[in-house]
Each structure stands twice: as structure tokens, then as C-alpha cells.
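Please read the following report alongside the sequence and the coordinates. It takes up the fold of one chain and then the contact between two chains.

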Amino acid sequence: MNKRVSVYRKEHFNAAHRLHNHTWNEEKNYEVFGKCNNPNFHGHNYELVVKITGEPGADTGFVIDLKYLSDVIKSNVLEKLDHKNLNLDVAEFADLNPTVENIAIVIYNILRRKIDEKFDLQVRLYETEKNFAEYPAS
Amino acid sequence: MGLPLQKFCHSMLFLTRIEHFNAAHKLYNPQWTKEKNETVFGKCANENWHGHNYELHVTIKGKVAVDTGFVINAKILSKLINEFVLEKLDHKNLNMDVDFLKGKMCSTEILAMEIWKQLSPHLPAEVKMHSIKLYETPRIFVEYFGEE
């Protein structure tokens, strides 16, 4: 019998960013990214949902201790992103456009190194209530 | 054919329109040192800005017009909020890009008060502003009811 269960931890952070492609001129950036290209930045309240899939342990009943998961997210992701300017303050976005897609990938890559390989990991990131990304795509 | 004697119902009603914008800002008092700003405002003082999805609730009060059944046409209220508030704030840097916030602290409190000032002169004469409720995050919001 398949006993695999997914558990989720929600966290949130807020940050400034702008969408900008360094290899394009200003006109093309504005044409493609519109007001998201504002050189003075804008910002969002991001909501992060981290999904861990595995079998509940016989002794704890936990797939993973969600307090532990929360601590891992806080110390590795939120410390890096919360109240930051994604373009200026976060090394991963020095040459990477901080779209909700790319932020989700960056968060996944950070967490994948910290979460035991026996677990499946997926990251869902809301930029607004209406716009969100999931990585890896299922 | 005389005009109706009573154009409005007697009851006063509130009508609220909810709108959204997102923006960058920082909490930083230029009169203070960097150290004092960091002590008072913590990570909100990040010189490179951070940002929020703001949710704005504009509540107006008035009597219901008999012919329309409206206090105000909510579509008209939405257009006024868009023209006089959202156009100036959405996808902007509150400290740098907004004329009516120049020289002011960009806290949620000040922003709510300034939104009231921007919008209230443009409301139709038959309604009055009741409150501006402004969410900075789903967990932090302010309400402003105008000058006492």
C-alpha cells in the first residue's frame, strides 16, 4: 500500500524587485515588462508554500517535522529574501530576472540541498493572490 | 409633471470598493543616522527598498438614490480610485515616484491619510468619504476616518 503523504508549510516574505533584461535596451524592456520594469522598483508580499512528500515515520507519524521544515525555510530562504531588493541584494538574481518563475526555481534549488533526498520537494510561490508559480512542474 | 419630492431614501449607507496595488518602499527618516533608522525600523529600513501587495478599501457614505438604488455607482468610484490613487501608486516606488508622498514617511498610516486627501475632493457631492482601510500585508492594516 502506498503510504506517501504530502505535507505543506506556508511562509511569507516581502521584497522589492523589477523585471529587467540587461541585454535589451530600455524601450524593449518597457515594451515587454511594462510597469514591472520601473527602474525605481516596485514590490510584493510573496507567499511561499513548500510541499514535502514521503512516508510518515512509524515512530513519529510525521513525514517531516514541520517545525524543522519551517526553521530550514526561515534560515535559508527568508533570511536571504525577506525585506530585500531581489535585484540588488540577492546574488542569485545578479544576472537572472526575478520573475515569480525564477524565484521559485531559486528557492527550490536552495531547499533541495537542505532537505533529505528521500523526500520529494515542490515549491509554490505566490507573487500576488492571483499569480503564482510551481516548481518542479508536476 | 413635477419632480419627485424625495430623491433619496432617508437611510445612510456605506459602500466599499476594494482595489489593489503593489509598490516598493522603505521606512527611513533622513533626519536620523543609518544606525538610528535600523534601530527603529529594523529590516524595513533596507536602503535598497522592499515591497508589498497593498489592498485598499475605500468606504463612502451617503443616501440611496431612489431612481438608481445606488449610494454611488461603484464603477464610477472604481474609476476615481484608479485615476487619482492607483495610477500614482501601482508598481511605483512610494518614496521616489509619488508626488503626494514627497518628504513624507511612507508608513501605511501616512499612506492611508494621503490617499484620503487625494480622493475625497473628487467624490460626487452627494456622498462623503467614511474611511480608508489599507492593508500592507494580510496581517497588518490601518483604518483612517478623517480629521476629528
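This is a predicted model: local features need pLDDT of at least 70, side-chain atom pairs count only at pLDDT 80 or more; totals for chains, interfaces and linings use all residues.

Helices (H or I, at least four residues) and strands (E, at least two) are DSSP runs, numbered from the N terminus. On that basis chain B has four helices and five strands, and along the sequence they follow the pattern β-α-β-α-β-α-α-β-β. Chain B is more spread out than a compact globule, because its radius of gyration, taken over C-alpha atoms, is 18 Å, well over the 15 Å that the globule rule (2.2 Å times the number of residues to the power 0.38) gives for 148 residues.

Residues are numbered from 1 along each chain as its sequence is written, and chains are lettered from A and ligands numbered from 1 in the order in which they are written.

| Confidence score | Value |
|---|---|
| Average pLDDT of chain B | 93 |
| ipTM of the complex | 0.85 |
| pTM of the complex | 0.89 |

Where two residues count as in contact if their C-beta atoms, placed from the backbone, lie within 7 Å, 19 residues of chain A are in contact with 19 residues of chain B. On the chain A side, two or more residues each come from strand 1 (5-17), strand 2 (42-54), strand 3 (84-85) and helix 3 (86-89) of chain A, and strand 2 of chain A gives the largest share, four residues.

Terms used
pLDDT is the predictor's confidence in each residue, from 0 to 100.
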